[in-house]
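Please open the structure in your viewer and keep the selection panel at hand. The stops below go from one pair of side chains to the contact around it, and then to each chain in turn.

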Amino acid sequence: MEQRAVPTQYAAGHGDPKKDAGSGTTCTGEVNGERTAATASSSPPPHPRTASSFSSSSSSAVTEGWREERTRSVEDNEMSRPGLTAAYRTILSGLGEDPQRQGLLKTPLRAATAMQFFTKGYQEKIIDVLNDAIFDEDHDEMVIVKDIDMFSMCEHHLVPIFGRVHIGYLPNKRVLGLSKLARIVEIYSRRLQVQERLTKQIAVAITEALKPAGVGVVIEATHMCMVMRGVQKMNSKTVTSTMLGVFREDAKTRDEFLTLIRS
Amino acid sequence: MEYRTASDTNGKHVAEYQNGFNADLHVQEEEEGGRAGETETRSKLSTIQRAYSTVLTELGEDVDREGLLRTPLRAAKAMQFLTKGYHETTQEILNDAIFDENHDEMVIVKDIDLFSLCEHHLVPFFGKVHIAYLPNKKVVGLSKLARIVEIYSRRLQVQERLSKQIATAISEALEPAGVAVVIEATHMCMVMRGVQKMNSKTVTSVMLGTFQEDPKTREEFLSLIRKN
């Protein structure tokens, strides 16, 4: 088996490969995964083994699919842009607009590029983003980064979701560069998402990267699909949370986290 | 065709209205037109649906996964809803809710929620509209002001044009002494992408008639819509 530097970053020094973060509840595979789709231009994309190479049980096969990181590339973007542009032009005419009028002339291209930007999370991998910003620090108190602005796309209506993410974790001798938490949020939010899955993916990514004693992620978001159309409830917010490890088991820890993000 | 004025969009319906069409004839026409219109709408829907399927595939997603199975249809319907303003006319929605009232003081309806689509990026922008008019013996049902906002905002828009269209529509319908429209909106195309400025707002205003000529009237309006 080829030795890849990548997995050792996450699995280094930890005896029990099976989630010693104490989170027996992670990724049980009931969340529908995002399968890597072979784009028209590229050969079957590589499957980056993040931290899952050490889990060999069959359940991990399901969870791997769920956590699978995509590898759309910048070249893929270039190649699919004409197709996207044509599709958007069709949409404009289908809606009864005149794609030739001045304001709409370059709209298909702009909309295509914008949509590619809104799904750029498919181009990034956690490994690249973490950038070795994991440090050994003798710290085992709660670390919270809150009010991280989040923008995502509803996978059901292709309409924006936006809100705030609050992340807390209890380091187990390893801390993460703070902006890297925000970058993890970016990777998973800039995709076609469902808020529940997004929350879980962020929590699991941090767990795998750091093996902390616990992770808590709370997302509070407004769904334009509910505000601009459908039920049209202007002020509604959707709140989801994922608590792993100590945050799940110990009510006091969870309370502290929830209080600190509220203030 | 690039600047769709209020009268422009009203088009055929205005002509009929003004010519005093025969009500029965109109209904019959509508029925026949309606049936043909339905199939046309459905075929347009499937065109848009197919386009969205292409979009999903080109973005690198898997169109067969559970969460995305009906997304092209939902997205197409959502988009049609968000652009339903193209099929509505001011005449229809005003619904004869114009009343003769001996009132010539300012009438303001403020904080009307607005949702529109940026015509350059097809990304939402939303905010609040504040409308005021000085009646000239004719007042309009208050909700009709909000309905006029809906007609023009549920389209592919540019905020400047939207403000002007709302103001012009009210002007033409009521012939008041003055109309003022202020829109304050957040553009997702600036927030979610591009410059990514989270807290920026864009404010546009249109002042017609007395609001334009008399600074005191304008000031009264602006101070009344300010958040205190």
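Start by selecting A:E155 and B:R65, which form a salt bridge whose closest N and O atoms are 2.8 Å apart; a salt bridge here is a side-chain nitrogen of Lys or Arg within 4 Å of a carboxyl oxygen of Asp or Glu. Because A:E155 lies in the loop between β2 and β3 of chain A and B:R65 in the loop between α2 (23-58) and α3 (71-82) of chain B, the pair joins two chains. A:E155 and B:R65 are both buried, where buried means under 20% relative accessible area, exposed means over 50% and partly exposed lies in between (1.4 Å probe, protein chains only). Helices (H or I, at least four residues) and strands (E, at least two) are DSSP runs, numbered from the N terminus.

Before moving on, note that this is a predicted model, in which local features need pLDDT of at least 70 and side-chain atom pairs count only at pLDDT 80 or more, while totals for chains, interfaces and linings use all residues. Residues are numbered from 1 along each chain as its sequence is written, chains are lettered from A and ligands numbered from 1 in the order in which they are written, and side-chain values use heavy atoms, with hydrogens and water left out.

Next, select B:E119 and A:R101, whose side chains meet in a salt bridge (2.8 Å, N to O). Both of these residues, B:E119 and A:R101, are buried. Between chain A and chain B the count is two salt bridges, and over all chains the count comes to 16.

Now widen the view to the whole contact between the chains, meaning heavy atoms within 4.5 Å. How many residues does each chain give to the contact? Chain A supplies 53 residues and chain B supplies 49. Together the two chains bury about 4,600 Å², 69% of it on carbon and sulfur atoms; buried area is the accessible area (1.4 Å probe) that two parts lose on being put together, summed over both.

For a stop within one chain, select A:K120 and A:E186, whose side chains meet in a salt bridge (3.3 Å, N to O). This pair links distant parts of the chain, with A:K120 in the loop between α4 and α5 (126-130) of chain A and A:E186 in helix α6 (residues 178-189) of chain A, 66 residues apart. A:K120 counts as buried because its relative accessibility is 18%, whereas A:E186, at 22% relative accessibility, counts as partly exposed.

Finally, colour each chain by its helices and strands. Chain A has ten helices and seven strands, and 54% of its 263 residues count as buried. Chain B has nine helices and seven strands, and of its 228 residues 46% count as buried.
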